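Hi,

Here is the structure I said I would pass on.

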Amino acid sequence: MSAAAAGSSAFSRFINSPVGPKTIHFWAPAMKWGLVIAGLGDLARPVDQISIRQQISLAATGLIWTRWSTIITPKNYSLATVNFFVGCTAAYQLARVALNKRETPVEEAVEAKAA
């Protein structure tokens with residue numbers, strides 16, 4: 001019976017914690033996973049349709065908030081995790097754009113010589 005009481009106690013501590021489901025500190029990161037899912041969905045999008053300004057904004061806020069989430073009180077590691085992944089998906093999209101821009105002039109030069 002003491003094991004059940006300890007489990008119940010841990011659950012009630014989680015429910016009532018400063019970053020538990022009764023606070024915005026729990027629900028904001030949970031909802032922000034939608035940005036990560038959208039970013040992963042954009043991996044199939046053609047590179048010429050990716051907004052560079054949007055991805056720079058997402059990468060910057062993701063990295064800034066990752067750090068900030070470990071400084072604030074209460075420390076919110078779930079917020080830090082989701083922001084890290086927001087920043088990573090945006091940085092990956094920016095890398096795709098950069099690689100495409102680097103390869104495009106070479107392809108255009110080859111096509112111009114062939115014509």
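**What I found**

Of the 115 residues of the protein, 21% count as buried, where buried means under 20% relative accessible area, exposed means over 50%, and partly exposed is in between (1.4 Å probe, protein chains only). Before you go further: this is a predicted model, so local features need pLDDT of at least 70 and side-chain atom pairs count only at pLDDT 80 or more, while totals for chains, interfaces and linings use all residues. Residues are numbered from 1 along each chain as its sequence is written, and side-chain values use heavy atoms, with hydrogens and water left out.

**The overall layout**

The protein has four helices and zero strands, so from the N terminus on, the order reads α-α-α-α; helices (H or I, at least four residues) and strands (E, at least two) are DSSP runs, numbered from the N terminus. Take the contacts between residues at least 6 apart in sequence: 66% of them join residues at least 24 apart, with contact meaning heavy atoms within 4.5 Å. The accessible surface comes to about 8000 Å², and 68% of that belongs to carbon and sulfur atoms. Those areas come from the Shrake-Rupley method with a 1.4 Å probe, and for residues only the protein chains shown count as cover.

**Helix α2**

Helix α2 covers residues 24-41, and its 18 residues should span 26 Å at 1.5 Å a residue; the end C-alpha atoms are 26 Å apart, which agrees. (The expected span is 1.5 Å times one less than the number of residues.) Which residues of α2 are buried? They are P29, V36 and G39. These cover an arc of only 55° around the axis, which puts them on the same side of α2; the arc is that of the directions from the helix axis to the C-beta atoms. On the other side of α2, you will find I24, M31 and I37 exposed.

I37 has a relative accessibility of 59%, so it counts as exposed. I37 is also part of a nonpolar surface patch with W33, F84 and F85, and together they have about 390 Å² of accessible area. Helices α2 and α4 (77-114) each supply at least two residues of that patch. As for what makes a patch: residues with over 30% relative accessible area and no salt bridge, with like charges joined within 9 Å and nonpolar side chains (Val, Leu, Ile, Met, Phe, Trp, Tyr) within 5 Å.

Leaving aside residues up to four places away in sequence, F26 touches F14, V19, G20 and P21. F26 and S78 are 52 residues apart in sequence but 7.7 Å apart in space, C-alpha to C-alpha.

**Helix α3**

α3 has 20 residues and reaches 29 Å from its first C-alpha to its last, close to the 28 Å expected at 1.5 Å a residue. Its buried residues are Q55, A59, G62, T66 and S69. They cover an arc of only 110° around the axis, which puts them on the same side of α3. R53, I64 and R67 are exposed on the other side. As a reminder of the geometry, an α-helix has 3.6 residues a turn, so residues three or four places apart point the same way.

Q55 belongs to α3, which is residues 52-71, and its relative accessibility is 6%, so it counts as buried. Not counting residues up to four places away in sequence, Q55 touches I50, T89, A90, Q93 and L94.

Most peptide bonds are trans. The one from T73 to P74, however, is cis, with omega near 0°. P74 is in the loop between α3 and α4, while P18 is in the loop between α1 (2-15) and α2. P18 is exposed, with a relative accessible area of 53%. Besides P74, P18 touches T23 and H25, not counting residues up to four places away in sequence.

How many salt bridges does the structure hold? One, and a salt bridge here is a side-chain nitrogen of Lys or Arg within 4 Å of a carboxyl oxygen of Asp or Glu. The side chains of R45 and D42 form it (3.4 Å, N to O). R45 is partly exposed at 37% relative accessible area, and D42 is partly exposed at 22%.

Cheers

Definitions and conventions
The expected span of a helix is 1.5 Å times one less than its number of residues.
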